[in-house]
Every structure is written in C-alpha cells, then in structure tokens.
Amino acid sequence: MKNSAKISLHSLYDKLYKNYGSQGWWPLVDLKPEINPTQRGSYTGYHPGNNNYPKNEDQIFEIIIGTILAQNTSWVNAEKALWNLAQENLISENKLNKLDLDELAQIIRPSGFFNQKAIKIQNMLQFLQKNPISSLKKLEINVLRQNLLDIKGVGPETADSIVLYAFNKPIFVNDAYTKRLLSRIGLIPEKSTYDFIQNLFHSQINANFVVYNEYHALIVQHCVYVCSSKPKCSMCFLNQYCQKIIPIKSKKKAKKSKSINKTNK
Ligand code: SF4
C-alpha cells in the first residue's frame, strides 16, 4: 500500500517528539531512581529533559564503555553488564586497567560477544591512557571521530555514539533502526550506506547535540515498540506518510489464506 503524503526529516522529528517526549539518553548507572516515563520495562538511568549530562569524566568514561557493551545487543543486556561492573566498583579507568582480560570478559558476559568486547574495552583503555578524556574534549568533531575510528573494534556507530553522547558534540548517530524507519517511510533507498544517511541528517537538521541526541533515541523508541521487524502499522502515527504500510492480517484471514495456499499445492 503506497501513500502520497511525504514527510520531511524535521516533521518526522516533531511527530516522534510529540508522541514520545524527551528520551533523556544516555542512561547512567548513578541515576538509577530516574525512570524514563516513556520507556517500558525497568529501564533506568535516563534523564529526560536534562541535557546537562554527562557531568564529569567518570560519567563520560561510563558512556564510552557502555557504547562498546551495547554493540550488537539490546540495551537491556548491555545494562546488565554495566551493572555487573558497577557492583564491583569497576567503572573506572584505573580499576579496569588492573583487571585481567578473562576476568573482565566474565563480568561483562551478559552483553554477549563478551570475549571480543573485553578486548575492545582494553583497546579503548590503551587509547585513553595516551589520550585522556580531558584532551579528547577539546578536539574538533572530525578529529575526535577519526581518532576513535582508529581504535580496533570501534566502528562508525560506536565512534559517533561516543562523540554525541559522551562528548555532547553534534553528530548524528545512524543505526539499523534509522535505516529501517527511513526506508519504510520512503525517505531513503533500502540499500543506503551509513554515510549517506548521516549526511542526509547533517544537511537537513541543524547541528545541535540536543536534537541529534533526541532524534536518534526517538527513532530507537519507535522502532523497538512500533516499527519493529513485524511493524504495528495500524497503531502507527506515521502511517499516513509511510510508503510501506504493512497490513496486519486478521487471524481469520490469515487462516483462510493458509488453507487456500494448502489447496493450491
Ligand atoms: S510501523 Fe508501519 S506505518 Fe509505521 S513507520 Fe513502520 S512501516 Fe510505516
């Protein structure tokens, strides 16, 4: 089913924000009591409407580690690994530097790919020893991004998440959710590259870390709960703009088409 109404990236942001409100990313362990009212489940540590985080280098460090733990897994799993580190009082450069690789891998086990992630965290720790957070803060966005990309195990999404969420510098974080939503709506071709999508946002949305922060988080929110792999198009507030509304078959119709398929075999 095709629709003619087109939506701009600006309007898409407005509609997502109107529906979900501020997402308050990046969640931090010491903000446990603040639960994002728009999130389901037991997600904690968000700070909706408050863009003054991270407030110190410890929180910046925690976000950097969190971006590695969040690779190829849900935040729920990354958060479990982060909590394991927090319970052992290990979210600290000094303490992690003293930790043996196998021990680190076991502690972050819930995040999946824990052996590789332990190595990636150690690579990051080596990088931070030569490039302290205080000096990284002063770098221009592209220089900071390139330095991060030079670390083994840090790809564009992780580098951009660090630039945006740890250092509050305006860069758009693209990911599989962004690609899914934008291609379904009809704003990009399905096979668009990471850079193409990021450039699209940079060319249409003014460089502002608060907006980029919220925009990425809002897309994740929408794609987790509505525009999921089995999208709930009938309840989607974007369906009048979407080029790829996927009709949900009623159980009766699905049963009927199944039996028709059987008879045709
Ligand atoms: S849930 Fe459906 S209508 Fe909404 S954006 Fe996704 S594909 Fe389009």
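**Figure 1. Helix α1 covers residues 9-20.** The expected span of a helix is 1.5 Å times one less than its number of residues. Helices here are DSSP runs of H or I with at least four residues, strands are DSSP runs of E with at least two, and both are numbered from the N terminus. This is a predicted model, in which local features need pLDDT of at least 70 and side-chain atom pairs count only at pLDDT 80 or more, while totals for chains, interfaces and linings use all residues. Residues are numbered from 1 along each chain as its sequence is written.

**Figure 2. The buried and exposed sides of α1.** Leu 12, Tyr 13, Leu 16 and Tyr 20 are the buried residues of α1. Seen down the axis of α1, these buried residues fall within an arc of 100°, so they line one face of the helix. The arc is taken over the directions from the helix axis to the C-beta atoms. An α-helix has 3.6 residues a turn, so residues three or four places apart point the same way. His 10, Ser 11, Asp 14 and Lys 18 are exposed, on the face of α1 turned away from its buried side. A residue is buried if 20 or more other C-beta atoms lie within 10 Å of its own, exposed if 12 or fewer do, and partly exposed in between, with C-beta atoms placed from the backbone. The cover over the buried residues of α1 includes α12 (209-225). After α1 comes Gly 21, with a positive phi near 70°.

Figure 3. Trp 26 has its place in the loop between α1 and α2. Pro 54 is found in the loop between α1 and α2.

**Figure 4. Helix α6 runs over residues 114-130.** The 17 residues of α6, at 1.5 Å a residue, should span 24 Å; the end C-alpha atoms are 24 Å apart, which agrees. Lys 117, Ala 118, Lys 120, Ile 121 and Met 124 are its buried residues. Down the axis of α6, these buried residues fall within an arc of 160°, so they line one face of the helix. Gln 129 and Lys 130 are exposed on the other side of α6. The buried residues of α6 pack against α2 (57-69), α4 (93-97) and α5 (101-107), where two residues are in contact if their C-beta atoms, placed from the backbone, lie within 7 Å. Asn 115 also belongs to helix α6. Asn 115 has 14 other C-beta atoms within 10 Å and is therefore partly exposed. Its C-alpha atom is 8.5 Å from that of Leu 104, which is 11 residues away along the chain.

**Figure 5. Asn 72 and Asn 168 have positive phi values.** Asn 72, a residue other than glycine, has a phi near 55°. Asn 72 lies in the loop between α2 and α3 (75-87). Asn 72 counts as exposed because it has 11 C-beta neighbours inside 10 Å. The phi of Asn 168, also a residue other than glycine, is near 50°. The loop between α9 (156-166) and α10 (176-185) holds Asn 168. Asn 168 is partly exposed because 17 other C-beta atoms lie within 10 Å.

**Figure 6. Ser 134 in helix α7 (residues 133-136).** With 9 other C-beta atoms within 10 Å, Ser 134 is exposed. The C-alpha atoms of Ser 134 and Glu 57 are separated by 7.7 Å, and the two residues are 77 residues apart along the chain.

**Figure 7. The shell around the ligand has 15 residues.** The closest are Cys 227, Pro 231, Cys 233, Cys 236 and Cys 242. A residue is near a molecule or strand if its C-beta atom, placed from the backbone, lies within 6 Å of it. The shell has 11 nonpolar, 1 polar and 3 charged residues. Ala, Val, Leu, Ile, Met, Phe, Trp, Tyr, Cys and Pro count as nonpolar, Asp, Glu, Lys and Arg as charged, and the others, Gly among them, as polar.

**Figure 8. The whole chain has 13 helices and 0 strands.** Of its 265 residues, 33% count as buried. Among contacts between residues at least 6 apart in sequence, 58% join residues at least 24 apart.
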